[in-house]
Structures are given as structure tokens and as C-alpha cells.
There are 4 protein chains.
Amino acid sequence: MAPIPDTSIVGRLKANCPIEWTAYADHDFVRQLAEGTLPEESFRHYLIQDYLFLIHFSRAYALAVYKSDRLEDMRIAAETVNALLNTEMKLHLDYCSGWGLTETDIVATPESRSNMAYTRYVLEAGNSGDLLDLLVALSPCSCGYGEIGHRLLNDPSTKLECNPYRDWIELYGGAEFQDVTKKAVEQIDSVTAWRIGENPEASGRWDSLCEVFRTATLLEAGFWQMGLERS
Amino acid sequence: MAPIPDTSIVGRLKANCPIEWTAYADHDFVRQLAEGTLPEESFRHYLIQDYLFLIHFSRAYALAVYKSDRLEDMRIAAETVNALLNTEMKLHLDYCSGWGLTETDIVATPESRSNMAYTRYVLEAGNSGDLLDLLVALSPCSCGYGEIGHRLLNDPSTKLECNPYRDWIELYGGAEFQDVTKKAVEQIDSVTAWRIGENPEASGRWDSLCEVFRTATLLEAGFWQMGLERS
Amino acid sequence: MAPIPDTSIVGRLKANCPIEWTAYADHDFVRQLAEGTLPEESFRHYLIQDYLFLIHFSRAYALAVYKSDRLEDMRIAAETVNALLNTEMKLHLDYCSGWGLTETDIVATPESRSNMAYTRYVLEAGNSGDLLDLLVALSPCSCGYGEIGHRLLNDPSTKLECNPYRDWIELYGGAEFQDVTKKAVEQIDSVTAWRIGENPEASGRWDSLCEVFRTATLLEAGFWQMGLERS
Amino acid sequence: MAPIPDTSIVGRLKANCPIEWTAYADHDFVRQLAEGTLPEESFRHYLIQDYLFLIHFSRAYALAVYKSDRLEDMRIAAETVNALLNTEMKLHLDYCSGWGLTETDIVATPESRSNMAYTRYVLEAGNSGDLLDLLVALSPCSCGYGEIGHRLLNDPSTKLECNPYRDWIELYGGAEFQDVTKKAVEQIDSVTAWRIGENPEASGRWDSLCEVFRTATLLEAGFWQMGLERS
């Protein structure tokens, strides 16, 4: 089953900006990961920025806890914050050390402009709007990585043997992360029904949600591009 | 025409909590204003707290500017902020001085607990939700004063002759303030259509909007009660 | 050792409002807990409201994660959020069931006005200010419960035998909670040094921090009063 | 007198990042404005993005109203919001029409990524921090334009005769805007004394303020670069 069903809200937001979505999900960075041809320096640059990204990603989920008016939404977001800050970030550092990067190196690296542009856009959309605006701004990341991982792992043209990025592909394509993706997609369906209703496309804010999703998707594509260009 | 038409969103929110609305709009403080029997000390206490209230009311409209995603909503809110901070608050002090209250007295008075409870509830609802949550939390005040003023001014049982509160009644019942009320009611209709759609009652958040409105109405009733009790 | 050392920031904030602090920490509700004479209905009312309080307390710590600019502050706050939402609230319900209260009863109870006044004040102080404003607004609760528990448990006049509230006293006076208190006190020292410097009393905002602390202390006293009056 | 005195807080923040400040204040876009050699297409691109920028700049000052705890700071910020939304933006459109740009063209143009990166960074810094963090993030713009205008207008090498950008230079170098700059510089001095104290460099947050200022300066330089590259 597709990680992001066409009928889900995220599926419908994707369908609204197919060019931007392809520019992100099928970015050269992703293709080169799948082929194992991505320059290692690009991957290292990406890994460092991804660690810095996780800090602001955690802040965004903390904001989601604050902005939830249902206990269930609070709990989901709180588990994510805690997992990110107290588990994932440590695992990420372990993984980085396998690529020769020490925590000292990573923390001393300045945030790249593309990284900053993306995270601040998400946080600001969340502050100025409601929980739904925030979750939609997060969804190209929270749902998109699962789609990309799933596609790469199931695409016969992906090279797994001797691919230095095999573990990255297996992480995001694997059952555990697919389950995370599924839950993120479902939560957005649930919050949309809660904050708008059964016919969100008829709401005045649908265009605005599409615009937030489209912009966040472009900013995610910019994140891959930053990796490729080591900028 | 009724300042808050039954078919407007604020009208429908009112209809959802008739007991709380009556407890506010028909509060003893209001009745005694209409009869001219309200103890002057109660009115003075109310006036002082109302000045402190205006500070946080201005902050709430500033938050509305920040949270608007339509230029038109920003402009309406910005005019309100500026009018409050740079005109209304000065007029309020002039009016207070007619009641023997100096600015020094007023600013030295601590915010009463009922005042604090109301303003912080409104600001927090606005921060955690979206522009609509904020405007709904403000509406018992932004729309309710116009309804109360209109009713008092048009009710034959209201005593205007020799009523020390006549100017208060004429201010809120007068054409200028009725126009402010009308615009506030219309903006909430417009923002509801924008943020939810044409059928807001079918939205999951309708109950939550009703709850915000009901709570803010009770907290407004608490504000009158504070005046009456000089607490 | 005193849970809140006199030289700590919280200790100095306490010293600035001794009357308010006593009104809170030595409130009749607390005395009657220590004597075992508190009416059970008051305790039940308090327990229900305390559960509703924990929801907004969790939101406040989530806001603290968002507002932290040091990873260490984020981690401390994130652990608190997760512990509250995914452990403490369940333990609280278990404890409530020992007092004959079901989750259904609890969740169906409306937030009392004193409860609302306190939580919204804290959240709003945090949103409009910085992390330090937020932690100071939380401190009468996050540090005060530890002081109260420690005093009751070590005061020979406290009646422990056959006191129906013995477990409450032992919880907040016990080693585990004392450690939580110690960490909360130390974090505020650390964040004060970070956000102001070594001489916070010389800062323009010291008065404002004292005012936030004093107000939050009064609102906490109001919470006990609510329990006593079952209001 | 220099628009930004060396002893002012903004002067000290500038001194902390001289390379970044020069990259902004002496950017090729600025030099070409002074020489009258900037391609008109670049200037038009800049004007359009500057209009879109003003929307978020207004939102930032609205946030400053909300985050002020002194009436005087609220009033200054509220006047700015109102002037921007209800006067400046209209003047900007008039000015744009002199360059052949209609409002329809302008509003239909998407926000450039550099524009978005800058405004969202400022708004997010303001939300997560306090009023001082917000004003510092705004200062490369709110104070820097005055410095640039003053320098260009007083530099004998600036070409004013037949320079199509003469009115831009005279606007930002002129007495009225110099006064705006002076007030912005003074407000930051005042808010720093208020939020930190007389020795801000000794505060733990001084490094963080320097970092916010440095980042915002780089993002402003990116805004000129966007104009130059029409990106």
C-alpha cells in the first residue's frame, strides 16, 4: 500500500502540486542515493545539517503539543518530541560517527541557509495558524521521507548491494518508519476533520493549506539541493 | 436591526449558551447602570479595571494582526490596535478624570483577578488556536457591548434623565459604536467562512468554538460581578 | 537542606513576596491536609481540578521546549512533558480511582475558574515573554509543591498516622519529588544566568519577574481556596 | 552624527560582525544604486519583493505590540504597524506604479525564497524569545536602511544627478527617515536595559543576541543579492 494514500489529506495536498512534489521526492540527491553514486561529501554535509534540523523539528512538535486541544493529539506529539530529543538525536550522532563525523564537528557547523529557511517557515506557520497549519507544514518531511524510503526500497532499479547509503534506504523504507509515516498521515486526516470538517476542499483555508504544503515541499527540495551543493 | 443578527456566527454562538449570555448581558451591574442605581464606587472600580483591560485588549488585537493571513483582516485589526492605544485609552482617562480618578491612581491599581482571568484566557486561546479562535474569544466583548448599549438605549424602562451613567449608555448604544459592532460581527462571519467554510456547525471545531465563546461570556459576566463587588 | 535555598533565584523571588508566599504555602487547605481534617469532598474536588490542571501544565512545558535555545533546557522540558502526559496523568487517575473518582467523572467536570485563571496566566506569560518568564510563572507550582511536601513531612506537628492524605504528603515530601524540585530550582538559576546574567536584581526586568512570581503565587493560593470551597 | 552610534546596542552588535555588516551595508546592489548603474529589472524585482516583505514586517511589529510589557513600547510598535499597513504600503504601491508595476502584478508575484527566509527567521526569533530578541532580529532592517541612506546621501562619490534611484537615496537618507532610525536605535537601547540591564555583554544571552543580529544581517544581504540576481 502507498505510504501516502491518494484519498488522504496529504495525498490530496500532493496532487495539488505535482511538479513541486516530484522536484522534492525525485530530487537528484535521492536518485544518487538510490544509485549509490552520491558523493560522500554531499552525504556528510546533509547528515550534519540534518542533525541541526532535528533540533528545530523537535521544537515544532513541542509547539504541536502546546497547540493541541485534544489529549490524543498532545500525546502523539509529546512522544515524538521525547523520541527525537532523547533517542533519535543520539542515534543520529552514532550514525554520523560511522561517517567520520564527531559531535563537536557537527555542533560547530553553522546552520545552512536552506535549513534555516525551511525550519523557520514551518515554526512560523505553526505559530500564526493552528495545529493543522503546523502539521501540514511538517508533512512533506513527516510523511514524505516514508514515501521516498518505500519507493527506493521497492524499486528494482535501486542498487542495494555495495551501496554506501543502503542503511539510509532501509531505515526510511523499513517497517518501523512506514508505521511512523502511516500514523502521521492518519493524524492529519483526523485533525483536518476536527479543525475544518468532512469537506476541507470547500473551506476558504484549503488554498492556504495547499500553499503551505507547496512551499514546505519546495523548501524540502532546497534541503536536498543544499546537500548536493554542500552549500 | 439587532446588533448581533441571529444568523450571524456570533448570533449562533450566543444561541448555544443562552443562560450564560443572559448572565452576562443582563447582569445586575448592567441593570443598575440602566436604572442609574449602581453605586458610584462600583462604577469607579469598573472604570479603573476597564483601563487595565484595554491594555490587554490592545495586545489581543495586535496578536490578531500577526495571525491574519488576509491583508484586509490585518488592516482592520491594526486600526483597532492603534485606535485603542493612541486614542481610546486617552479618552478613557479623560472620562475617568470626570469621575475623580487620576492616571496615577489608575496605573497604581493592581489588575483584579477577574480581569486577569478574562484577558489571559482570550490571549491564550488566540495563541494556541488561529485567528478565528482569537476573534471568537474576543466577541463577547467586541460584539456584546454593542448589543447591551443598543438594548439599554432603546428600552423604554431605561432611565436616561439624571442617570449618572447616561453617557456610558449613549456611547455604547450610539451610532458610532453600533457601526464598530456591526463590523466586528461581519468580520467573524467572514473569517469563519475563510477558516472553516459555509457549514461551520458540521466542523469538529464547532463545539470547541462554542466552548470558547461560552467561557469568554462567563468571564465577561465575572467582570461585571467584580465591578459590583469591587473585588 | 531547604528545597528552595534562600540564595537561589526562586528563593529570592519568594523573599520578595513573603505575605503572598505564606498565603499559598501555609494555606488552610495545606494545614488541614497535614492535620488530616480536610473534608474529603474538598480533596476530591481538588483532585479532579488537578487532573485538568495537568493538561495545561503539560502544554506549558511543551512551550518551554519550543522556547529553549539550549539543547539541555529542551531535554529537561521534553522529559517533563512526556512524563506528565504518558505517565503522571495515568498515575493521577489511578490515585483518583482510590478516592472513588472515575476518568469519565473527571473529564466531564468543567475547569473551575481559579484553575483556568492560573493556567492561562502562566501560558500567556510564557508566550509574551521568554523561557525565563515561563519558568518563573511555573515555579510556585514546580518548586512550591516540593517545599510544602518537605515541610509537612518533617514537621512533628503533622499527623501521619491514620491521615487519609498521608500518601499525598509522602509523595511530595519524598526523595523522588525532592529531587524533581531541586532540579527545577537549579534550572531557573541556570536560565536566569543565561538570559540576564550574574546580577539579575540589577536588571530592569527583575521587577517584572517578581510581579509574575507574586501573581502566580496568589493564583496558586486561589487553587487551594477553590479546593476548600469546592468552587 | 552617525545614524547608529558606536556606543548604542545596535552599534555594538554591528561591531561584533563587521564582515557580515559590510557584506550587507556595502553590497553591490547598494553600490549600483549609488552609481545609478543598477539594472532597472533588478530594482523592479526588489520593489515587488519589498512590498511582500512589508506585509511580514507589519506582522513582526504587531508581534512586538503583543510582546511589550511597557505601554510606551506598545505605542511605538502600534504606530509602526498602523503606518506600515495603512500608509506606507499604499505609498510603496504608488512608487511602484512610477516604475510600471501595478498592484495586480505585485500581489500575484510569489515571495522569493530569500524574502521568505528573512521574514520567517525574524518572526520565529520573536515568538521563541522576547521583545528584545524580536527587535534585534528586526534591527538590520529597521536601523540599517537609515545608515545606508545616510551614507549614500553624504558620500561625494554618490551620483545624484540623473540617477534613477535618487528618490530612493533621498528617502532613506532624508531627515524624516533618519529620525525613524534614531528612534529605533534608542528603543533597542532602552529595551536592552529593561530586559537585561546596564551590562548586556556580561549576560549569557549576549552571544545569542549577536548570533541573531549576525544571521539577520546575512539574510538582509541575501535580500539585496536576490534583487541583483532577480531570483
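A crossing of two helices is called left-handed when the near helix is turned anticlockwise from the far one by less than a right angle, and right-handed when the turn is clockwise. The views below show a predicted model.

**View 1. Helices H4(C) and H5(C) cross in a left-handed sense.** On the H4(C) side, the contact is made by Leu47(C), Tyr51(C), Leu54(C), Phe57(C), Ser58(C), Tyr61(C), Ala62(C), Ala64(C) and Val65(C). H5(C) contributes Met74(C), Ala77(C), Ala78(C), Thr80(C), Val81(C), Leu84(C), Leu85(C), Glu88(C), Met89(C), His92(C) and Cys96(C). By class, the residues of this contact between H4(C) and H5(C) comprise 16 nonpolar, 3 polar and 1 charged.

**View 2. Chain C meets chain A through 16 residues of each chain.** Helix H4 (40–67) and helix H5 (71–98) of chain C each provide at least two residues of the side that touches chain A. H5(C) supplies the largest share of that side, 9 residues. The side of chain C that touches chain A holds 10 nonpolar, 3 polar and 3 charged residues.

**View 3. A rotation of 180° relates chain C to chain A.** The superposition of chain C on chain A involves 0.0 Å of shift along the axis and gives an RMSD of 0.0 Å. Among the residues of chain C, the C-alpha atom of Ala62(C) comes closest to this rotation axis, at 2.5 Å. The contact uses the same surface in both copies, since 100% of the contact residues of chain C recur in chain A. Ala62(C) also belongs to the contact of H4(C) with H5(C).

**View 4. Chain B is superposed on chain A by a rotation of 180°.** The shift along the axis is 0.0 Å, and the RMSD of the superposition is 0.0 Å. The two copies are thus related as by a two-fold rotation axis. Of the interface residues of chain B, 100% are also interface residues in chain A, so the copies meet through the same surface.

**View 5. The contact between chains B and A draws 18 residues from each chain.** Helix H4 (40–67) and helix H11 (175–195) of chain B each give at least two residues to the side that touches chain A. H11(B) gives the most to that side, with 3 residues. By class, the side of chain B that touches chain A consists of 5 nonpolar, 7 polar and 6 charged residues.

**View 6. Helices H7(C) and H8(C) form a right-handed crossing.** The axes of helix H7 (residues 113–128) and helix H8 (residues 131–142) of chain C come within 7 Å, at a crossing angle of roughly 160°. H7(C) and H8(C) are therefore roughly antiparallel to each other. From H7(C), the contact takes Tyr121(C), Val122(C), Ala125(C) and Gly126(C). Their counterparts in H8(C) are Asp133(C), Leu134(C), Ala137(C) and Leu138(C). The contact of H7(C) with H8(C) contains 6 nonpolar, 1 polar and 1 charged residues.

**View 7. Helices H8(D) and H12(D) cross in a right-handed sense.** Helix H8 (residues 131–142) and helix H12 (residues 206–229) of chain D pack with their axes 8 Å apart and at an angle of about 35°. Asp133(D), Val136(D), Ala137(D), Ser139(D), Pro140(D) and Cys141(D) represent H8(D) in the contact. These residues meet Leu209(D), Val212(D), Phe213(D), Ala216(D), Thr217(D) and Glu220(D) of H12(D). The residues of the contact of H8(D) with H12(D) include 8 nonpolar, 2 polar and 2 charged.

**View 8. The end C-alpha atoms of H12(D) are 34 Å apart.** At 1.5 Å a residue, the 24 residues of H12(D) should span 34 Å, which agrees with the distance between its end C-alpha atoms. Arg230(D) follows H12(D) and has a positive phi, near 50°.

How values were computed:
Residues are numbered from 1 along each chain as its sequence is written. Chains are lettered from A and ligands numbered from 1 in the order in which they are written. This is a predicted model: local features need pLDDT of at least 70, side-chain atom pairs count only at pLDDT 80 or more; totals for chains, interfaces and linings use all residues. Copies are superposed by least squares on the C-alpha atoms of residues with pLDDT of at least 70 in both. Two residues are in contact if their C-beta atoms, placed from the backbone, lie within 7 Å. Helices (H or I, at least four residues) and strands (E, at least two) are DSSP runs, numbered from the N terminus. Ala, Val, Leu, Ile, Met, Phe, Trp, Tyr, Cys and Pro count as nonpolar, Asp, Glu, Lys and Arg as charged, and the others, Gly among them, as polar. Axes are lines fitted to C-alpha atoms, for helices over the stretch in contact, and angles run from 0 to 180 degrees between N-to-C directions. The expected span of a helix is 1.5 Å times one less than its number of residues. Angles under 35 degrees count as roughly parallel, over 145 as roughly antiparallel, 65 to 115 as roughly perpendicular and the rest as oblique.
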